Amino acid sequence: MNKAHHQIIDEELLRRMLAGDRAAFGQLYERWQSAVYRFTLRMSGSEAVAEDVTQETFLTLMRDGRQYQGRGTFAAYLFTIAHHSVLRHLRRERRFVAIEEDENEEQPTAERMIAADDPLADLTRDETLEAVRQAILALPVHYREVVLLCHLHELSYAEAAEVIGCEIGTVRSRLHRARALLTARLKKTAQPDEAARNLHSTRCFA
Amino acid sequence: MNCREFEQSIVELSDGGLMDAAQRSLAQAHAEACAHCAERLAAERRTVAALRALAARDSAVSAPAHLRHALEAAFDENCAALNQAPVTARQWLRRGLAAAAAILLLFALAVSIWQRMNEQEIKADGKQTETAPATVPHREAAAPEVQTGQPDNDSAVSQVAGRTETSARRRSRHPVKTELRPTTANDEELAELFALTPLAATEPAEFEQVVSIEIPRSTLMLWGVPVNADRAGENVKAEVVIGEDGVARAIRLRN
């Protein structure tokens, strides 16, 4: 089932939901609750915030769902609501845990990483995945959101741009920078002795 | 392709997504030639793989079950609230009438305010002429001078001054000197009357007021009266004839 087919189903469920069909609301909720909850959980790092934001998102959908008139995908519409809501929570709780782009401090996840040549060699290990989660959470918010939307939720650049409210080129450049930060961070946490070696050390310009 | 250009295409290259074939070939060739970029590409691919693994693991994560129950309850309440208060045609009619009445009231209020503002503007214009005497001659500067030969007494003032237009803003700013006599501002008394509006000399006055003011001697030069440069800074007394609409009609100098 491709995205277009999902889109048709979502629009039909939304139409029925707005007409008062409780079962349609249940179906729509089941289709999207996990994505919304995961997105907000990874954005905030807090289950309580994720729960609140998920609830707010679907309440907003009930109240203002008529505002969605097929402009953009339903996924982008729903993530836009969740995005606004989670940013409000983050501002309120001042939970922005941003990393400096050239930080040198010891990472909190370092002890969880496997001190091997390839820190991501065993991606099935819980420690490894937890390290990735923590590295994402440590990104500045404007990088974190593009990583989550484009990689964890597989939104297109256009959809992510609609959710965030920026240009597609901005999404692309932020994603590029975010991944470079993630790569550097994961590498550094796994190999603290080589922390000084960063991305800009040995350009050859061949 | 150099390292900087390679860096620009590393996202598409490591994602394995759509990419221009020529660009991909160039990037791959660069990675084979540059050890640093090859390492950078490998690290980027590992990061992408880690993100995909995390996405796969996270797909099992769900919102707590009680959230659905709470939302379904909210949905029921929402529907009940919508169903309880259907808007009938009679209610729509009442709302329409109320809206129309509100619009009419607003319109009447706006008209009333507009009329009051107009009245206040005319009054304020009159007060400004009274309280700011120096502005009157300056505003009437550089005007052609016409000798009309009016006598120098109060009755003459009444004949010269008069209402010419209803709106002060549409009024002509060209002063007309009623009588020009070769003299200087050093004289103790300049009794001739200078009309400040072109129609002042021809239209009879319905109402006017004479106000005593002081103006700098240098202002007299604006009407072509020769002024002693040594005394240009001194003030000279004058009487201004103000019309019904608050605009200065004529001026007479006294000392």
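1. How many helices and strands does the secondary structure of chain B come to? In this predicted model, the count for chain B is 8 helices and 5 strands. Chain A, for its part, has 8 helices and 0 strands, and its pattern along the sequence reads α-α-α-α-α-α-α-α.

2. On burial and contacts, the two chains may be described in turn. In chain A, 42% of the 206 residues count as buried, while in chain B, with its 255 residues, buried residues make up 27%. If one takes the contacts in chain A between residues at least 6 apart in sequence, 64% of them join residues at least 24 apart. For chain B, among contacts with a separation of 6 or more, 71% are accounted for by residues 24 or more positions apart.

3. The contact between the chains takes 34 residues from chain B and 37 residues from chain A. On the side of chain B that touches chain A, at least two residues each are supplied by H3, H4 and helix H5 (65–84) of chain B, and the largest share, 14 residues, comes from H4(B). Sorted by class, this side of chain B has 20 nonpolar, 6 polar and 8 charged residues.

4. Two of these helices of chain B also meet each other. The axes of helix H3 (residues 21–33) of chain B and helix H4 (residues 35–58) of chain B come within 5 Å and cross at roughly 115 degrees; H3(B) and H4(B) are therefore roughly perpendicular to each other. At this crossing, B:His30, B:Ala31 and B:Glu32 in H3(B) meet B:Cys37, B:Ala38 and B:Leu41 in H4(B), and the residues of the contact divide into 4 nonpolar, 1 polar and 1 charged.

5. Among the strands of chain B, strand E5 (residues 248–254) deserves a careful look, as 6 of its 7 residues are buried. Strand E2 (residues 193–195) of chain B runs antiparallel to E5(B) and is joined to it by 3 bridges, with B:Leu193 standing opposite B:Arg252 in E5(B). Strand E4 (residues 235–243) of chain B is likewise antiparallel to E5(B), and 6 bridges join the two; here B:Lys237 has B:Arg254 in E5(B) as its bridge partner. E4(B) and E5(B) form a hairpin with 4 residues between them, and B:Gly246 in the turn has a positive phi of about 85 degrees.

6. As to nonpolar cores, the largest has 70 residues, of which A:Leu78, A:Phe79, A:Val146, A:Val147 and A:Ala160 touch the most other members. When residues up to four places away in sequence are not counted, A:Leu78 touches A:Trp32, A:Val36, A:Thr57 and A:Leu61. Another core, of 16 residues, lies apart from the largest one and has among its members B:Ala195, B:Val236, B:Ile242 and B:Ile251.

7. Leaving aside neighbours within four places in sequence, A:Val49 is in contact with A:Thr40, A:Ser44, A:Val86 and A:His89. Its C-alpha atom is separated by 9.7 Å from that of A:Ser85, although A:Val49 and A:Ser85 are 36 residues apart along the chain.

8. Two glutamates in loops of chain A complete the note. A:Glu154, in the loop between helix H6 (141–152) and helix H7 (157–164) of chain A, has a positive phi of about 55 degrees although it is not a glycine. With 13 other C-beta atoms within 10 Å, A:Glu154 is partly exposed. A:Glu167 lies in the loop between H7 and helix H8 (168–190) of chain A, and A:Glu167 is exposed because 11 other C-beta atoms lie within 10 Å, where 12 or fewer is the limit for that class. The C-alpha atoms of A:Glu167 and A:Tyr157 are separated by 9.0 Å, the two residues being 10 residues apart along the chain.

Note on methods
Residues numbered from 1 in each chain as written. Chains lettered and ligands numbered in written order. Predicted model: local features only at pLDDT ≥ 70, side-chain atom pairs only at ≥ 80, totals over all residues. Axes fitted to C-alpha atoms, helices over the stretch in contact; angles between N-to-C directions. Parallel < 35°, antiparallel > 145°, perpendicular 65-115°, else oblique. Contact = placed C-beta atoms within 7 Å. Nonpolar A, V, L, I, M, F, W, Y, C, P; charged D, E, K, R; others polar. Buried ≥ 20, exposed ≤ 12 C-beta atoms within 10 Å, placed from the backbone. Pairing = 2+ DSSP bridges. Core = buried A, V, L, I, M, F, W, Y, C linked by C-beta atoms within 7 Å.
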